[in-house]
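Work through the exercises below with the sequence and the model side by side. Each task is followed by a solution in steps.

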Amino acid sequence: MAVGETDGAGSEESGSREADVISRGNILESFTESQEVRALLGNLRTVYGDPVAQEVIVEKFIVIMDKYQEQPHLLDRHLEWMMNMLLDIIRDSGSPPVLFHLAFKFLYIITKVRGYKLFLRLFPHEVTDLQPVLDMIVDQNPKDCETWETRYMLLLWLSMICLIPFDLARFDGNILSEEGHTRMPTMDRILEIAKCYLVVSDKARDAAAVLVSKFIVRPDVRQKRMADFLDWTLSMLSKSSFQSMEGTVVMNGMLQALAQLFKHGKREDCLPYAATVLECLDNCKLSESNQMVLRKLGMKLVQRLGLTFVKPKVAKWRYQRGCRSLAANLQAQSSVMQSQKITVAANEAEDDEEYDIPGEIENVVEQLLVGLKDKDTIVRWSAAKGIGRITGRLPKELADDVVGSLLDCFSFQETDNAWHGGCLALAELGRRGLLLPSRISDGGLHEVHACCLCVPLINLTRICKVMLLLYLEVVPVILKALTYDEKRGSCSVGSNVRDAACYLSWAFARAYDPSELIPFINQISSALVIAAVFDRDVNCRRAASAAFQENVGRQGTFPHGIDILTAADYFAVGNRVNCYLTISVYIAGFPEYTQPMIDHLVNMKINHWDSVIRELSTKALHNLTPRAPEYMANVVLPRLLPLSVGTDLHTRHGAILACAEITHALCKLAEENNRSITYYFNGKSLEGLKQIHQELCSRQLYRGLGGELMRPAVCTLIEKLSLSKMPFKGDPIIEGWQWLINDSLRSLPLASCAARQHVKESAVSALSALCNEYYINENGEADPALQGELVTQYISELQSTEQMIRCGFSLALGALPRFLLKGRLQQVLEGLRKVTLITPRDVSFAESRRDALIAIAEICQTVGVKGEGSQEEYICKDNVAQIYATLLNCVTDYTTDSRGDVGGWVREAAMTSLMKVTLLLVQNEAELINANICKQIMCWLAQQSAEKIDKFRAHAGSVFLTLLHFDSPPVPHIPHREELERIFPRSEAETLNWNAASEAFPRITQLLALPAYQYYVLLGLSVSVGGLTETTLRYSAQSLFDYMKNIQNDSSAMEGFCETLLKVFEDNLRNDRVSVPLLTMLDQMLANGCFDIFTTQGNHPFPVKLLHLCKEEIKRSKDVRKLRSSIGVFCGLIQFQGDMREKVLFQLLLLLCHPFPVIRKTTASQVYEMLITYSEIIDPAIVDEVMAILSDSNWEAEVAELREKRNRLCDLMKVPKPQLVTKSSAK
């Protein structure tokens, strides 16, 4: 929890998935694959010779073992037999080297999962094992990168054998070999092996360090070789530099060896060398290295040296908590607190045993304190543990000095790294009971005497000292660290500090007696609740929730702890929006937390660097207002008003939004309680709210990048004040607000792409609320002059050359209330209709067309329907046709630009608007919908439901089913309603996933059987079947072929389908969006025998006309995809009988000399395949020669060379030779 340093924002969206993963984790109960593993290990002798089989068996074993990474203890019962099976292979002298190394690889995989410390004990360590293992290690090549697992495991094995309790000199015997040369003693052999592998760069270096720690501490080796080995390591350290890669490798090995040695060696053995090692380590200046591993190892070694300098004793002065029963803590808290006694190890009055503390300890502690500020978490974590371990062995006075130096990490001058390391160190001290007040004077006790009155008078002085230290130094650190957030550029740092502060709170819950934390309960509980609910990062919220839970269980004194835990548990706090808007409201219902939560939002969150947090915070303040309305009105709002015109951009933005939300909430509360709207506001507050816009405008704060935040913020303020019915009618401020709305819409082109949408939506919402509240008179009408000026101005802006201005004012017209549209409706609709038209000047203005369509639907819903009414006031019989024509015209918008299919936005808006307008008419005057309009709507929706883009297909399908199944009352004149309801039952309307091609296309292709829909569905299917998306192509094509298979024996259905298909082709001739995928679809249909019914009829009209259309489509075309698709169609048409076969061959032979080499090559290849498939189309006597020319010729050669071969094919096939047309004759 405490060592996490990564930003939790990236994991915010995956909270729900993470919860599922966690709930299903750790469910293994035993090692269920034991038999499979036994078989794998037994097969090693048979598969080692096959590299592929060897790789497969290794991967299988890795997959099995990796399942137990989180529960490795399940392997414990099976480790011995697995090791024995592998050691049998290793000890077998007949095992080939490949099998030998493979066995060690399997041993390493097991070690990686279970950990070497436990697995190490299982290695055989008899006297007879020493020499064979030594010989095996000597036989290894330290530079072989393929067999590092072997060396690693052998070194670990040797480290275990070194524990045999016999003097190694006994194994040497006569050290003179038979040749008379002196043989190296066993002790020196092992030492040389260790030295050799301490300077390698692979995993064997770690095992060599373990070997050193076990070997050097042997009594016989310690006496003879320890000093020499330490000299060697120190000399290697001194000669190496972390500036080079080789030096880094050497230093890594030396530091690991020293750290392990000082960890496992006896203090009296290591103490004589500790000062020398520390001096050498100081000279290395590891703190300047950019290698994190070296700094971590250096920190580890420093703390080991520090522990060597001081005696291994438990401090008598340390704090010890007595009862730690969770059950007792969860019982009635008051009685427990009164009866619980404080247990301590000894009275502070007792003097510690006097002994001298070496001067080197100061150096060690200083290095550890510096390590707390390191840039890497793992180094800070190691330093924190070192601080905790060493402080526990120091006298009270020195320990108190360490704590004092540690608290210096928490100054405003320190970085977030120092705060993080300090929190970790405080947590370690707290866990060990080392946070005691040794620097308190008697006079300081009176400051907390009042706090101690609530606990028994047992050892009151000690309790007060503990509380004074906590109150004056530690608790403020916890509270500040829980909200630590420092801005750095466009983001902030501090999530790791807050996470560590949660760990610190968790540690204190376990360390201190509940009675001692009572004075700080409200502060700590409020801070943890705030972190759990309002922190930006999910890991911090969850850490705070866990710390709160630990305090509730261990302390039992947190107010309403169980209730809050139920609402804000680990999973609930995973969703940030839910935390801010729902959980916070529930917790604020407990009075102990209400004001701290509100204060935190006002002080820390409305000025946050992340705009999302600022906006969520203001919405949370809105929701929290009913919990403390008087506090909001009398304290919070007066504090926010000056901030809303302050100098800091983020604070100003958050304060304006907070003023808007709190004001709206207070007004709603007053209205609910039948009080005056201004009940909670005094004159100063109302004037302050009005002055916000004027102040920002006079200081020109709407300009520049800051204006992108100020404009939507003040527009939100205008909206909320208007909705609150503030008494500003007739006030000059209304004109200023109107100016801001208009200017914001005109300034949209100047805003960044990311901010445009937000500015536009805020301005439009503000306009709607402003008009509804302040522009209507007592008679429910608008001032004619104001209405004329406003509507005329907005309509004129619709023809702007800037797209975003069109967008803004289109939506603004759509947001106008009915009384402003009265008498101007036709003028407004005509202006919006012109925006939806595609002209050469604004062909790429897709967003403006989309917003105009949205506005039309909004206007229709605003003015309502009246069949015989005036077209200037209502949707009526005189203008309904024009509205539908505008909407239906936009369903065919397929504009594309560098962003892709931008016309899809227009089509989506058109479909939505069609649905809204149609349902509006149906519910009011259904007779205004004629059969032709309804048919067009349903047919266009059916086409869109068959197209290739999932998002638009799903939207069209949803609208289609909404209209089909609407029954209040039903939509009239829907063609083939009964058949449609059979294909799309009402019961499946909600579950049908239109995004999934596998579900959508089998349904939509059934509409091909309905004459009214056939053309449009086929048009949509052409784009899908001939598209590029593999999933869409597969399911759409399969659904089409299934339909064709069902009508193969129905000649009239086939004739009708083919006529429709040709009509689609003819209507979209040279429209590449349709014609290119249509050719691809035709190629597939011909190849799948969809038209076999016509192949026996000579010169059937369908293939003849299809050939003609294909020739027209590719005439003078340079589109390679289109040409290649046409080749497939021509080859498919060869199956039809009659004179057209010669025309098809002529077209194919013409393409053999196309200017593009890829077309010539593709034609030759497909003609070759065609002649194999339809061998009857040419004389068998010439087949071999034709095939030879097609296959042996280089069709990527020059056209002049290939023309002769092409003409030879024409002669053989008795096809007229294409005539070369010169440019002059062509003219």
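**Exercise 1.** Where in the chain is the place of Val902? Describe its surroundings.

*Solution.* This is a predicted model, in which local features need pLDDT of at least 70, side-chain atom pairs count only at pLDDT 80 or more, and totals for chains, interfaces and linings use all residues. Residues are numbered from 1 along each chain as its sequence is written, and side-chain values use heavy atoms, with hydrogens and water left out.

Step 1. Val902 is placed in the loop between helix H43 (880–890) and helix H44 (903–924). Helices here are DSSP runs (H or I, at least four residues), as strands are (E, at least two), numbered from the N terminus.

Step 2. Val902 has 1% relative accessibility, so it counts as buried. Buried means under 20% relative accessible area, exposed over 50%, and partly exposed in between (1.4 Å probe, protein chains only).

Step 3. Not counting residues up to four places away in sequence, Val902 touches Ala846, Thr895, Thr896 and Asp897. Contact means heavy atoms within 4.5 Å.

Step 4. From Val902 to Asn924 there are 22 residues in sequence and 34 Å in space, C-alpha to C-alpha.

**Exercise 2.** With which residues is Arg675 in contact, leaving aside its neighbours within four places in sequence? Begin with its location.

*Solution.* Step 1. Arg675 belongs to the loop between helix H33 (649–672) and helix H34 (683–698).

Step 1. Its relative accessible area is 35%, so Arg675 is partly exposed.

Step 2. Apart from neighbours within four places in sequence, Arg675 is in contact with Ala670 and Tyr680.

Step 3. With Tyr680 there is also a polar contact, side chain to side chain, at 3.1 Å. A polar contact is a pair of N or O atoms within 3.5 Å; within protein, one must be able to donate a hydrogen and the other to accept it, and residues adjacent in sequence count only if both atoms are side-chain atoms.

**Exercise 3.** Which residues does UniProt list for "domain: Tubulin-folding cofactor D C-terminal"? Then examine Tyr1015.

*Solution.* Step 1. The UniProt record, an unreviewed entry, lists residues 935–1122 under that name. UniProt positions are given in the numbering used here, feature names are shortened, and annotations may be inferred rather than shown by experiment.

Step 1. The span 935–1122 is 66% helix and 0% strand, and its end C-alpha atoms lie 33 Å apart.

Step 2. Tyr1015 is in helix H49 (residues 1011–1025). Its C-alpha atom is separated by 8.6 Å from that of Cys939, 76 residues apart along the chain.

Step 3. Among the residues that Tyr1015 touches, not counting those up to four places away in sequence, are Thr1060, Lys1063 and Asp1067. The side chains of Tyr1015 and Asp1067 make a polar contact at 2.7 Å.

**Exercise 4.** How many aromatic pairs does the count come to? Classify two of them.

*Solution.* Step 1. Rings of Phe, Tyr and Trp (its six-membered ring) pair if their centres lie within 6.5 Å; planes under 30 degrees apart count as stacked, over 60 as edge-to-face and the rest as tilted. By this rule the count comes to 29 aromatic pairs.

Step 1. The ring centres of Phe61 and Phe106 are 4.6 Å apart and the planes are at 35°, so this pair is tilted. The pair links distant parts of the chain, with Phe61 in helix H4 (residues 51–66) and Phe106 in helix H6 (residues 97–114), 45 residues apart. Phe61 is buried at a relative accessible area of 0%, and Phe106 is buried at 0%.

Step 2. For Phe508 and Tyr512, the centres are 5.2 Å apart and the planes at 70°, so the pair is edge-to-face. Phe508 is buried at 3% relative accessibility, and Tyr512 is buried at 2%.

Step 3. One aromatic cluster is formed by Phe960, Phe984, Trp994 and Tyr1013.
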